[in-house]
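Here is a friendly walk through some aromatic rings and their surroundings. Have the sequence and the 3D view open as you read.

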Amino acid sequence: MTTNVNNNPALDGMYWDADKKVPDKNNGALTQSDFFALLTQQLAYQDPTKPVENDQMIAQMTNFTMADGIGQLNESFKGFAESMSSNQALQASSLVGRSVLTQSDKIVFTGDTLARGNIELDKAATRMQVRIENEKGELVQSFSVDNPKIGKNEFIWDGTYMASGSGSAAVVDGEVSERVKAGVYKVKVDVSYTDGKNASLPVNVYTPVASVSMNGKGGGIMLNLIGLGAVKLGDVLEVSYG
C-alpha cells in the first residue's frame, strides 16, 4: 500500500481551512455590496467592442434598488404589524368583564345577569317567537317579540322556566318564579312574514368576555367568551355593558 504525501512547501497555505471558514450571515442572499462587486466585474470583463448600453446598466441598478427597497419595506411592515398586534391585545384586554354581541345559536345565562340578544329582520313580519331549549332539546321557555319591525329586534330572558318546561317551577299568582341553573342554552327564532311565509332566523347574543388571548403566526386577537369559547375580535358586532 502506497501513501502519497505532499511535502512541497510551495503548496502550503493553498488549502481551505475549515476552522477559518467565514460564516454566512446572510443565508446566501445578495447584498448591495455584492451587487456592486458583480457590476464592477461585469464592466471589467465586458467586450470593449460591445460595451454595455447605458440604459441596460441603469435598468440593472434600478431593479436591484427596487428589490432592496421592497426587502427593507417588508422588514418595516413586519415590525409595524407586530406593534399593531400588541396594541390590539392591550385594547382588547379592556373588554374582559364586558359583554360582546356575536352571532350564535346558543345563549348563556349566568344566573346573575339577564340573557340578552337581538334578531335582524329584513322584511315585515306579523310574529316573532323565541324558543329557549336545554342541551337535551327540551323546551325551557318560549316568548314572543312584540311588534316585530324591520331592522334590529331585541329580546331579554331572565332565566325563568315555562310552567310546562323541564324541571319543577313554583307558580305564584300565575307567574313562574323559579329560574334555570346557570349554563348554556339553545336559542331559536321563528318568524312569520306578512306575505304568509315562515322562516327560522339567525340570532345575535350578548356574552361576557372571560379573557383575551393572542394567536401566533397572524392568528389575531381572540376573545374567550363564557360558555361559548373563543371568537375572533373581528367577529364582534357590538360591545355592551357587563
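F143 is buried, with a relative accessible area of 18%, and F155 is buried at 4% (buried means under 20% relative accessible area, exposed over 50%, partly exposed in between, with a 1.4 Å probe and protein chains only). F143 and F155 form a tilted aromatic pair, 6.1 Å centre to centre with 45° between the planes. Rings of Phe, Tyr and Trp (its six-membered ring) pair if their centres lie within 6.5 Å; planes under 30 degrees apart count as stacked, over 60 as edge-to-face and the rest as tilted. F143 lies in strand β5 (residues 139-144) and F155 in strand β6, so the pair ties together parts that are 12 residues apart in sequence. Strands (E, at least two residues) are DSSP runs, numbered from the N terminus.

## About the model

This is a predicted model, where local features need pLDDT of at least 70, side-chain atom pairs count only at pLDDT 80 or more, and totals for chains, interfaces and linings use all residues. Residues are numbered from 1 along each chain as its sequence is written, and side-chain values use heavy atoms, leaving out hydrogens and water.

## Other rings

The structure holds 3 aromatic pairs. The rings of F109 and W157 have centres 5.6 Å apart and planes at 45°, so this pair is tilted too. Both F109 and W157 are buried. Ring pairs also link F109, W157 and Y185 into a cluster.

Conventions: Helix = DSSP H or I, 4+ residues; strand = E, 2+ residues; numbered from the N terminus.
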